[in-house]
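Okay, thanks for coming, everyone. Let me put the structure up and walk you through a few spots.

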Amino acid sequence: MPVVTENLLGAYLRDRRTRLDPAAFGFSVGRRRTPGLRREEVAQRSNISPTWYTWLEQGRGGAPSADVLNRIARGLMLTDIEREHLFLLGLGRLPEVRYKAAEGVTPRLQRVLDSLEVSPALVKTATWDIVAWNRAAAAVLTDYGALPPGQRNILRLMFGNPHVRAAQHDWDAIARFVVGSFRADAARAGAVSEVSQLVDDLCRLSPEFEALWRENDVGVHGEAVKRLRHPTLGPIELEYSAFAVDGRPDLVMIVYNPVTGSDADRIRSLVTSRPAS
């Protein structure tokens with residue numbers, strides 16, 4: 001007995017189009033045998049042949065191109081996660097990354113940061129802009145709130161701020177690590193064109209950055225120990241871990257935990273002595 005292969009792509013397309021309201025897209029409702037859009041209406045919205053779209057739902061005609069799937073995703077008003085699922089069903093892979101600049105974080109995520117009283121924590125974008133932080137980060141790392149938004153960038157601070165540079169235990173090693181990780185993050189997020197102006201600015205600002213950038217090294221921002229020379233606390237060690245923000249592939253949360261109880265006590269004292277922002 002022949003094995004029947006289930007047409008998962010066709011089933012998904014049919015399900016998505018039946019959820020759409022024809023009237024919302026200017027189509028006549030009239031008498032319809034099934035809810036949602038007709039096949040030819042999806043094809044019209046997707047700017048593809050009705051015959052080709054019908055074949056896709058029927059499991060005929062071979063694998064669609066990425067361009068066709070992107071058109072259908074727009075035609076069906078798919079969300080980012082639905083578009084990813086469409087590509088997995090149609091091509092067996094995720095679509096190419098489309099970078100979206102982050103404007104901030106949700107109040108819930110900010111509350112997570114604020115709950116970490118003695119652990120400096122921040123959220124950065126794929127272009128290494130800092131978009132959220134807690135009081136401990138402002139006290140121990142950098143007072144990001146005192147900076148113009150355009151200067152809240154880890155690369156700009158590392159290569160352009162003498163106070164940040166002086167606080168690093170081994171600036172040369174940290175700078176190399178930062179540039180390699182930044183390059184990898186930008187490429188992974190599809191943000192290479194978005195960082196071109198930042199890279200140009202840094203190359204003009206810092207010959208050291210330009211030299212490191214030309215080496216084309218890549219790295220990963222995972223887990224390690226950060227050693228700082230804090231102007232008030234003195235030498236301090238922090239273990240850091242990087243976490244992806246669920247549903248926001250453009251964001252990464254980094255949490256720095258004090259290595260010792262003494263370090264934690266000193267950070268707590270410093271944070272409580274500062275006025276709340």
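Let's start with Asn134: setting aside neighbours within four places in sequence, Asn134 is in contact (heavy atoms within 4.5 Å) with Leu113, Asp114, Leu116, Ser119, Pro120 and Ala121. Quick caveat: this is a predicted model, where local features need pLDDT of at least 70 and side-chain atom pairs count only at pLDDT 80 or more, while totals for chains, interfaces and linings use all residues. Residues are numbered from 1 along each chain as its sequence is written, and side-chain values use heavy atoms, with hydrogens and water left out.

Asn134 sits in the loop between strand E2 (130-133) and H7; helices (H or I, at least four residues) and strands (E, at least two) are DSSP runs numbered from the N terminus. Buried or exposed, this Asn134? Buried, at 2% relative accessible area, where buried means under 20% and exposed over 50%, with partly exposed in between (1.4 Å probe, protein chains only). Its side chain reaches the backbone nitrogen of Ala121 at 3.1 Å.

Now the sheet. It's an open one of 5 strands, ordered E2-E1-E5-E4-E3, with antiparallel pairing; strands pair if DSSP finds at least two bridges between them. E2 and E3 are the edges, each pairing on one side only.

Last stop, H13. Asp263, Ala264, Ile267, Leu270 and Val271 are its buried residues. The buried residues pack against H7 (135-140), E3 (223-230), E4 (234-245) and E5 (248-258).

Note on methods
A polar contact is a pair of N or O atoms within 3.5 Å; within protein, one must be able to donate a hydrogen and the other to accept it, and residues adjacent in sequence count only if both atoms are side-chain atoms.
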